[in-house]
Every structure is written in structure tokens, then in C-alpha cells.
Amino acid sequence: MESKITDAHRALVRRAFAEPGEFATSPLYQALSRTVAADDALLELAAAGRPGQYPTFLFFGAVQQVLLTGAGDDPLAAYYPSLLPDGVAARPAEEAGPALVAFCARHADALRAVIGSRLVQTNQVQRSLGLRFALAAIADEIGDRPVHLIEVGASAGLNLRFDRYGYRLGGRRFGEPDSPVQLVAELHGDGELPDLDALPALASVRGVDLNPVDVLDPDDRQWLRALVWPEHHDQRILLTAALDLVAGDPPPIVRGDAIDVLPGLAAGLPDGEPRVVFHSATRMHVPAERRAAFDGAIASLGETGPLWWLSVEDVPDPDPRTDRSRGGAGLQLRGPDGEARVLAVVEGHLRWVETLPGV
């Protein structure tokens with residue numbers, strides 16, 4: 001059968017699986033990535049997603065989705081900690097490759113349907129800590145004016161309900177102590193920790209997403225579960241608790257491409273009122289040739305009022321730390337004056353926060 005992807009596209013997808021640095025905390029996905037990188041049929045399957053979708057996340061999400069929705073008795077399931085009863089150990093990850101190849105051959109049509117129709121929309125609830133930290137860090141700049149909060153790439157909107165969760169950071173507790181969602185992170189660094197309970201008031205919240213996830217829809221909830229890596233039991237528990245909490249009061253989410261939607265949202269905000277836009281692990285899924293337009297659409301939110309632009313996307317540039325051995329991503333801010341700075345360095349899933357002197 002003639003290939004449906006170009007050699008250049010296949011090479012890009014192969015590189016993504018051959019160098020899967022994102023899976024540092026998933027031994028299974030590290031091992032299976034090597035299998036995909038070496039198999040042209042699997043690469044063809046993994047490349048069938050929409051433009052801009054990161055192939056590793058989408059492919060492994062689709063595999064787990066099919067396992068969760070009818071193929072749970074497949075031999076591949078024995079390698080997935082997420083699919084096994086409590087107390088049953090998964091088979092060694094490094095031996096899972098042949099089972100993946102056989103699974104994909106048996107379920108190619110189902111996998112292709114998921115990969116071709118779904119988007120990578122992980123709602124990593126822990127990232128709500130990044131939003132809360134940033135809002136606390138800029139609270140004095142905003143003053144006593146309520147802010148309009150917009151999340152780009154909101155998925156199910158779980159981060160937009162950040163104010164209904166509890167937090168523990170560096171031995172201190174913040175937020176709602178009785179919330180069923182409790183987020184815990186390590187604290188590093190020599191900078192001052194802002195008071196995460198001293199936040200600006202919210203005038204409104206809304207999300208923007210290409211294909212919003214409905215917290216009340218069982219299939220959508222299952223897809224979010226499928227995007228959680230097999231070893232991340234804590235994240236599955238948090239996700240379920242947050243979905244249940246947010247289902248009682250889902251935030252409004254506008255369907256559409258942020259490039260098209262945000263200028264209209266900007267025009268609808270009251271003139272002069274402050275607004276905060278937040279996105280995390282979203283820009284990476286925007287096709288490279290559209291990223292300038294994506295950035296411009298976000299900047300348009302500042303045309304009718306002061307804009308604070310917060311993001312967790314990439315390594316800090318420049319990295320303000322002298323010791324960079326911990327790695328991490330920048331919790332970045334661009335304020336109304338147009339100046340960009342790093343508020344903190346964080347683990348990509350916000351398992352730790354490193355404060356910075358002078359921030």
C-alpha cells in the first residue's frame with residue numbers, strides 16, 4: 001500500500017519517538033517510543049493526526065483509549081499499570097514492544113479513528129498551581145480591580161476552577177482545605193514565596209479550545225483519562241476528582257481556534273478592565289507557521305485594557321538561575337508594559353516550583 005505521508009513528515013514523526021524526552025516519568029512510553037520509531041507501519045499510524053498535534057502524546061493516548069474502551073483483555077494491557085487491578089504488577093516495560101506491534105495491527109482502524117478525530121487535550125490539574133502562583137505574584141500590580149481570566153487551550157476548563165482547589169507548597173497550605181482536589185508540590189529556590197491566598201478578584205473566567213471537552217460526557221472524560229500516562233496514578237485520581245467537582249459548575253468555554261476567537265473576545269471585554277490570559281503546554285501544538293498569528297491573537301487581548309500574559313511552555317529564556325541542573329519550564333509573564341520576565345521555574349507538570357531571588 002502506498003504511503004499516505006511524505007518522507008519528510010515520517011522523518012519528523014520518527015524523530016519525535018526516537019527522542020522522547022517528554023516521557024522521563026513513564027518507563028513504558030519510553031520503551032514503546034523506541035518500538036514506534038523503528039516501525040514504519042506504526043509511524044504511518046502515528047502521523048495520521050491533525051496538523052500541530054504532537055504525535056507521541058496523540059498516539060499513546062489513542063492506544064490507551066482503545067485499551068480502555070473494549071480491548072482491555074489484549075495482551076498489551078498487561079504492561080499498563082493504569083489497566084491492572086491494585087496489587088498486580090505490570091510486566092516489564094522493555095518487553096512490551098512486540099505486544100504493541102501486534103495490538104496496532106489488530107486495532108488499526110479503531111486507532112486511526114481516534115488519532116484522526118481527537119486532539120491532545122490533557123487537563124493536567126496540577127498546572128492550576130502555576131496559574132495560582134502567577135496570580136499571587138502579580139496581585140499587587142493588578143491592585144483591587146477584578147480581572148477577566150481567559151485560558152487558551154482550556155480542554156475541560158479544570159484550571160479555570162483553580163480557586164476551588166487546595167494547595168500545599170513548601171509546607172504551607174493555601175486555598176480550600178476541604179476541597180476534594182488537593183495539589184501538593186515541592187518548593188525549591190531562594191526567592192520569596194508569594195501568598196497564594198492573596199489573589200486578585202475574578203470578574204469573569206472563560207476558556208478557548210479547538211474542541212472543548214465536556215465534563216459531563218463519558219466519552220470525553222474517558223479521553224482525558226487515556227491521555228494520563230500509565231504510571232501516573234496520582235494524576236488519574238486528581239483528574240477524576242477535578243472532573244467531578246467542575247461538573248457541578250462548568251466554566252464557559254468558547255469553541256474555536258484562538259487565532260480567530262481571541263480578537264472577538266477582546267472586543268467584548270469592558271474597556272480598561274484588567275485581563276489575564278494563561279496557557280500551558282498549548283503553544284507546542286500550534287503548527288509552527290501559525291505561532292506568530294497565535295501570539296498576535298493573544299496580544300490583541302491587550303488592545304482594550306491592561307493585559308497580563310502568563311504561560312508555561314518552554315525552558316526559561318534566558319534562564320535566570322546559576323544552577324540549571326534541575327531543568328524545568330519557565331512560568332513566564334509579559335505585563336502590560338510589554339516586558340517579559342520569568343516568575344519562577346517549574347517542573348512541566350508543576351510537581352515542583354523553584355522561586356527566584358528578586359521576583
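**Close-up views of a predicted model**

**View 1. Helices α2 and α5 cross in a right-handed sense.** This model is predicted. The axes of α2 and helix α5, which spans residues 97–106, come within 9 Å. They cross at roughly 60°. That angle makes α2 oblique to α5. On the α2 side, the contact is made by L32, T35 and V36. On the α5 side, G97, L100 and V101 take part. By residue type, this contact of α2 with α5 has 4 nonpolar, 2 polar and no charged residues.

**View 2. Helix α1 packs against helix α2.** Helix α1 covers residues 7–18, and helix α2 covers residues 27–37. Their axes lie 8 Å apart, at an angle of about 155°. An angle over 145 degrees counts as roughly antiparallel. The two helices, α1 and α2, are therefore roughly antiparallel to each other. The crossing of α1 and α2 is left-handed. From α1, the residues R14, F17 and A18 reach the contact. They meet S33, R34, V36 and A37 in α2. The residues of the contact of α1 with α2 comprise 4 nonpolar, 1 polar and 2 charged.

**View 3. Aromatic rings pair up and form a cluster.** Across the whole structure, a search finds 11 aromatic pairs. One of them joins F23 and Y29: the ring centres are 5.2 Å apart and the planes stand at 70°, so the pair is edge-to-face. Are F23 and Y29 buried or exposed? Both F23 and Y29 are buried. A further pair joins F59 and F60. Here the ring centres are 5.3 Å apart and the planes are at 70°, so this pair too is edge-to-face. F59 and F60 are both buried.

**View 4. P252 sits in a loop between a helix and a strand.** The helix is α10, residues 233–247, and the strand is β6, residues 253–255. How exposed is P252? The relative accessible area of P252 is 48%, so P252 counts as partly exposed. Which residues does P252 touch, leaving out those up to four places away in sequence? P252 touches V205, R206 and G207. L158 is 94 residues away from P252 along the chain. The C-alpha atoms of P252 and L158 are separated by 11 Å.

Notes: Residues are numbered from 1 along each chain as its sequence is written. This is a predicted model: local features need pLDDT of at least 70, side-chain atom pairs count only at pLDDT 80 or more; totals for chains, interfaces and linings use all residues. Side-chain values use heavy atoms; hydrogens and water are left out. Axes are lines fitted to C-alpha atoms, for helices over the stretch in contact, and angles run from 0 to 180 degrees between N-to-C directions. Helices (H or I, at least four residues) and strands (E, at least two) are DSSP runs, numbered from the N terminus. Angles under 35 degrees count as roughly parallel, over 145 as roughly antiparallel, 65 to 115 as roughly perpendicular and the rest as oblique. A crossing is left-handed if the near helix is turned anticlockwise from the far one by less than a right angle, and right-handed if clockwise. Contact means heavy atoms within 4.5 Å. Ala, Val, Leu, Ile, Met, Phe, Trp, Tyr, Cys and Pro count as nonpolar, Asp, Glu, Lys and Arg as charged, and the others, Gly among them, as polar. Buried means under 20% relative accessible area, exposed over 50%, partly exposed in between (1.4 Å probe, protein chains only). Rings of Phe, Tyr and Trp (its six-membered ring) pair if their centres lie within 6.5 Å; planes under 30 degrees apart count as stacked, over 60 as edge-to-face and the rest as tilted.
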